[in-house]
Amino acid sequence: MSEGWTSFPGIVKCLPACHSALNQSSLQDLEKKLARIEDTLEIIKTHIFTNAPAHSHVQTQITTESPLNSAAAPFAENSVAQADWSDVVEADSKPTILNHENVTLIKEKDHSDEYDNQESASDVVNHPAVSEEHLAEKRRQFSVWNLVQGIEHYKIQNYRKAVQHFHNSLLGPVEKDEETLVWNNLGFCYALLGEFKDALASFRKALNLDRHSKQAWVNLGGALKEIVFLQESIDALEEGIAIGSSDKTSITGFITLTQLRIQMGDHNGALTVIERALAGNPNKDASMLEFYYLRATCLHALGNLIDASLEYQSVIKRNDSNLSEDDKDSKLMSMYQMAVSTITYNTQDWAVEGFTLDDVLPTLVKEHWSRRQPPTEKLLGVYSPVLKHSSPSRPQGANPRQVRDVLNVADYVGSLVHNHHAGFIPNLRLQRAAGLGALEMAQMVRGVVLARKQGKKFKVLSSGATGHRDSENRYEEAGWRDAMDLVVKWRQVGEPKDQVLWIDMMTRERFEEGFASDTKTYYGQTKHVRYYSNFERILTNWKRVISETGKVVLIDTKEPFDIVSQEVFDSVEKANTPDSMWRSLGFGHGAMISIKSKMREGHRMNGTYMCVRSVATQTDGFDLSIHTPVTPPRWEDFEQEFEMIWDRLITAMAEENMAETSRWISTFGYYWFNFMPLVRGTALTGYTAILGLFWAANMPVRTELPENYCPDWDAILEEDPDVFTESLLEKIAPPEAQQNREKEIKKVRILGRQSEHKALISQDR
């Protein structure tokens, strides 16, 4: 234990203030039960692997009313970081319904040239000068031609055109089974556009025509998953899987169902689905490789590290020549995640506080894993995931009842991190990990505050702290990064297949290049299911930045570009869509939001870039993303800000100034969200830290995030930290902070009126 832990009685001092908000029976006499919460946390770190929270109460929709948002698109997690400005490809980002096998392709040889589309749809359907027989034939040709054209446009990813043609194909006479297929294809293309309301309506029309359409059921289940109607999604997928024999559509259904269970944090449930899928395909052909990879990730998450490593190894060894791109990605990720699982197993006997994944995982492995890059010779020189004999130590001092009591609190705290928005599936495992991270962080911060009151220094073990990795001392004074280390470690435990890594601990070369996260709100022709709702704010900021600075950065060369033409400025002002944003300049570019420093008056800091680029491989396709390159100078700039904010925050806590403390907590969160110091996971760890800091200050947050509100986006798209602070506290401030805040606002208003009164008297004189 570090010097800090030995002098501090634990997080239990924060708990009494939360009794009114939590289950009283599970918290009675909790202080007496937990002499040292750190001992309990040691056991929980083992316990969390094998005992995921119950899923009986998982939400099946965002609200009681239908939250279908046409401004949405399929996507799963925020983007994996990379070092350049090119597109990011993510394993978890592909919508699981988007498998081309689920679009019905027809042979075009008999019909592709029968109709030249010179006449409009209305002319063909209502032509006055031809016989009924001839008109019927023209209508049929028109219908078939549009169906073929819809499929052709789907193939080249022009989904808007495909939708038009599929709709036109329904204007002519079609057979019932053909109409079913057209509605399924329409739903598929609407989903690819991110128009889920129309997608669901199309799939349901297909099912009204044919209740036994396996494709429509599976696609409907995938669409429902993206908008977080979870039970409805599961029911639809099971309906599709149950129809007929095992085929590619069944495999898609099982994959979607497996991914849904994993995203809910139910890895045991995912394993059950995988076993069902494999039982229906005993030949172990290449089409099933993704199931073996997903099984390895589930075993890894549940702590079955030997079995996970062996399963990863079996995936890596598959050399089938007909592997799909997804299967190749599964092999690649298996290689890197095998390294993670092996190292985790080999270090089980290390003390938890002395372990950090960033330290023990080779930098080249981290870099290739994060960028999803094929291995290089240099990497293979350091890649040696060999299982060694390991005897994990079992900490003493806590019993199952103590563990349960802490988990009850952690589950409650963790539930508050969930974003109530389409695309965000409530993951109870990640929520539990977040709750435990918040509690452990709160415990450490309470120790720092107590030491400040006593005129002492609270210290942490250097070997387990990423911010002190070069220290020659065994212990170092705790700072902001040590507090965030605790939250980051729990996020890593929560889902070990996610690349939750500190960017400054990558290779120096990549760090200096600007290792960056790239999160798309719009890609190709698709609206992002989670993030497109931020489009209007991005558009407003993009216009403001260009108008104020007259500068952008060229994506291809990363060179600055000065805008001098008034015609371009006028075009920028008129832009209202991603494609018109690109066309206003005519090339891929990024406009940077410069944020204000809270601690250094007049100083501006590099925030995020709003990037627009065309997609060369897609007709009429454009990407709109927020892109945050993290370089050493930028890192140092943010470190300076954090050190000063941390000092103010600890001082406010020591003085028990609730209003000041709440403002500094919010400010801390603002700069963390804008910093983007992790490959992924910045948003969840940032809000977890906000909750932990409020708990440390004896002001536990009791409010869920409002619907459609994401604090990280609120921070990223705001240049002034004070504006963000007011916005956040208005939504989630605990009653203790709110009361003090209202008193201060009232005081300011009174002082303002007094000043106005004095000014009037002075004028009268």
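The questions and answers below concern a predicted model of one protein.

Biologist: What is the mean pLDDT of the protein?
Modeller: Of its residues, 77% reach 70 or more. Over residues 1-102 the pLDDT is below 50, and it also stays under 50 over residues 104-119. The mean pLDDT of the protein is 81.

Biologist: How many contacts does the model have for residues 104-119 beyond four places in sequence?
Modeller: Residues 1-102 have 311 contacts beyond near neighbours in sequence. For residues 104-119, where pLDDT stays under 50, the number is 29.

Biologist: Which are the edge strands of the open sheet?
Modeller: The sheet has 7 strands with antiparallel pairing, in the order S4-S3-S9-S8-S7-S5-S6. An edge strand pairs on one side only. The edge strands are S4 (526-527) and S6 (560-562).

Biologist: Over how many bridges do strands S8 and S9 pair?
Modeller: Strand S8 spans residues 604-614 and strand S9 residues 622-630, and their pairing is antiparallel. Ser614 has Phe622 in S9 as its bridge partner. The pairing of S8 and S9 runs over 6 bridges.

Biologist: At about what angle does helix H24 run to S7?
Modeller: Helix H24 (residues 535-549) lies across strands S3 (515-523), S5 (551-554), S7 (589-596), S8 and S9. Its angle to S7 is about 85 degrees.

Biologist: How many of the residues of helix H22 are buried?
Modeller: Helix H22 covers residues 480-494 and reaches 22 Å from its first C-alpha to its last, close to the expected 21 Å. Buried here means under 20% relative accessible area. H22 is mostly covered, and the count of buried residues is 14 of 15.

Notes: Residues numbered from 1 in each chain as written. Predicted model: local features only at pLDDT ≥ 70, side-chain atom pairs only at ≥ 80, totals over all residues. Heavy atoms only, no water. pLDDT = per-residue confidence, 0-100. Contact = heavy atoms within 4.5 Å. Pairing = 2+ DSSP bridges. Helix = DSSP H or I, 4+ residues; strand = E, 2+ residues; numbered from the N terminus. Axes fitted to C-alpha atoms, helices over the stretch in contact; angles between N-to-C directions. Expected span 1.5 Å × (residues − 1). Buried < 20%, exposed > 50% of the residue type's maximum accessible area, 1.4 Å probe, protein only.
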